[in-house]
Amino acid sequence: MTSSLRLRKFEMSTSTTASMTAAELLRLPNGQHRYELINGELKTMSPTRQPHGKVTMHIAAPLAQFVWEKKLGEVFAAETGFKLTSNPDTVLAPDISFVNTARAALFETCEDFWPIAPDLVVEVMSPSDRKKNVRTKTLAWLQFGVKQVWNVDLKEETISIHYSSTEALTLTKQDVLSAGDLIPGFKIPVSEIFS
């Protein structure tokens, strides 16, 4: 099954029926919603609640600080889209993403969506997210070349690190989150993320 077929199965929020391109998506006004484009179909995402934003920042802030201090690459916030397919276009925007220095340098001057998948994707799951949709999106990210997908479960207070479609590790508040060789030296206690 191709990436685009997998992506068609996962639902997020509301969507339009007209096909859209990444260039058209870039021209949408900034407002109360975030958008993603899946095989040319616009997906609208409502703003998240306070716990989602808090936990996202508890990961993003120390990750970004570490990456920038060590000059390991770039860390991006949720509004950053990555163009993963063309004709029809797919643009996804994870809650947090990391691209290593060498790959980031290739697209440093690109003002459009970067036409690559990040090295690391962090998705903070809301209680309303369907597990099947989370799994489908995780598999899609991995198919596009993401090396690690971190799914943060607010309800269970766990973080699942997906390395492939068959290899994952789930961390609890007693564990320490790290990215291994992807971001050497980065570590944060899971308990701090959910504090």
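Because the model is predicted, local features are reported only at pLDDT of at least 70 and side-chain atom pairs only at pLDDT 80 or more, whereas totals for chains, interfaces and linings use all residues. Residues are numbered from 1 along each chain as its sequence is written, and side-chain values use heavy atoms, with hydrogens and water left out.

The protein chain contains 6 helices and 13 strands, taken as DSSP runs numbered from the N terminus (helices H or I, at least four residues; strands E, at least two). Of its 195 residues, 46% are buried, where buried means under 20% relative accessible area, exposed over 50%, and partly exposed in between (1.4 Å probe, protein chains only). Among contacts (heavy atoms within 4.5 Å) with a separation of 6 or more, 55% are between residues 24 or more positions apart.

A nonpolar core is defined as a set of buried Ala, Val, Leu, Ile, Met, Phe, Trp, Tyr and Cys residues joined through side-chain atoms within 4.5 Å. The largest such core comprises 28 residues, of which Trp-150, Leu-177 and Ile-183 touch the most other members. Two or more residues are given to this core by each of α3 (50–70), β7 (96–100), β8 (120–125), β9 (148–153), β10 (158–162) and α6 (190–193), and α3 supplies the largest share, 7 residues. Beyond its neighbours within four places in sequence, Leu-177 is in contact with residues including Trp-150, Ile-159, Ile-161, Phe-186 and Ile-193. A second, separate core of 18 residues includes Phe-76, Ala-104, Leu-142 and Val-146.

Lys-43, in strand β3 (residues 41–45), is buried at a relative accessible area of 8%, and its side chain makes a polar contact with that of Glu-41 at 3.2 Å. Such a contact is a pair of N or O atoms within 3.5 Å; within protein, one must be able to donate a hydrogen and the other to accept it, and residues adjacent in sequence count only if both atoms are side-chain atoms.

Most residues other than glycine have a negative phi, and most peptide bonds are trans. Asn-39, in the loop between β2 (34–38) and β3, has a positive phi of about 50° and is buried, with a relative accessible area of 7%. Asn-87, in the loop between β5 and β6, likewise has a positive phi of about 50°, but is exposed at 73% relative accessibility. A cis peptide bond, with omega about 5°, joins Asn-87 to Pro-88, and Pro-88 lies in the loop between β5 (82–85) and β6 (90–92).
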